[in-house]
Amino acid sequence: MISKTTKLKVAILILMVIGLCSGCNGNQKQFADTNEDFTDSLVKVSNPISQSVANQVKENISTEEEISDVKAVNSDKELLVAIKVKQFDRFQLKKIEKNLKSDLEKMHPDYKVLVSSDQKMYFELDKLEQKLLKNNLSMKKLEKDIKKIKSLMKEQS
């Protein structure tokens, strides 16, 4: 006959195996979500509002070492860019903005370029990008939103 301690040891062993198997089950999806690639943030729209200039700008700016993240939206005539600067480089914020703006104006002379490192502008452009991704934004509404963001950018300056 098997003793009570042996039965207890077997029961504990079975519970530990079940616990370990079920505990390691759901972590793969969570890891994949946190490992986003930069190309996922590019705005791809199927309606007539082309964001190719904004996407090109994001790819170019993301290679800069002092920039940690970038959001950009363009209309027919204007290009709005919001950047997040790495913590140590925040001391040279105005210089980075000025250099970035002049580079973008040289690359895209047809557009009026506005660059900001303000967090509020970053979040506003992020919301606008999300609207563009959902394709529920007309050109008139885009122009209105850009005008609102421009006025906020000018207030911050």
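The legends below describe close-up views of a predicted model.

**View 1. The open sheet of strands E1, E2 and E3.** Three strands, in the order E1-E2-E3, make up an open sheet with mixed pairing. Strand E1 (67-74) and strand E3 (112-116) are the edge strands, and each of them pairs on one side only. From one strand to the next, the twist averages 20°.

**View 2. The pairing of strands E2 and E3.** Strand E2 (residues 78-85) and strand E3 run parallel and are joined by 5 bridges. Leucine 80 has leucine 114, in E3, as its bridge partner.

**View 3. Helix H6 on the sheet.** Helix H6 (residues 139-156) packs on the sheet and touches E1, E2 and E3. The direction of helix H6 makes about 50° with that of E2.

**View 4. Helix H3 across two strands.** Helix H3 (residues 52-62) lies across E1 and E2. Relative to E1, helix H3 runs at about 170°.

**View 5. A nonpolar surface patch that includes isoleucine 12.** Leu8, Ile12 and Met16 make a nonpolar surface patch of about 300 Å². Isoleucine 12 is part of helix H1 (residues 4-23). The relative accessible area of isoleucine 12 is 43%, so this residue counts as partly exposed.

Key. Residues are numbered from 1 along each chain as its sequence is written. This is a predicted model: local features need pLDDT of at least 70, side-chain atom pairs count only at pLDDT 80 or more; totals for chains, interfaces and linings use all residues. Side-chain values use heavy atoms; hydrogens and water are left out. Two strands pair if DSSP finds at least two bridges between them. Helices (H or I, at least four residues) and strands (E, at least two) are DSSP runs, numbered from the N terminus. Axes are lines fitted to C-alpha atoms, for helices over the stretch in contact, and angles run from 0 to 180 degrees between N-to-C directions. Contact means heavy atoms within 4.5 Å. Patches are made of residues with over 30% relative accessible area and no salt bridge: like charges are joined within 9 Å, nonpolar side chains (Val, Leu, Ile, Met, Phe, Trp, Tyr) within 5 Å. Accessible areas come from the Shrake-Rupley method with a 1.4 Å probe; for residues, only the protein chains shown count as cover. A salt bridge is a side-chain nitrogen of Lys or Arg within 4 Å of a carboxyl oxygen of Asp or Glu. Buried means under 20% relative accessible area, exposed over 50%, partly exposed in between (1.4 Å probe, protein chains only).
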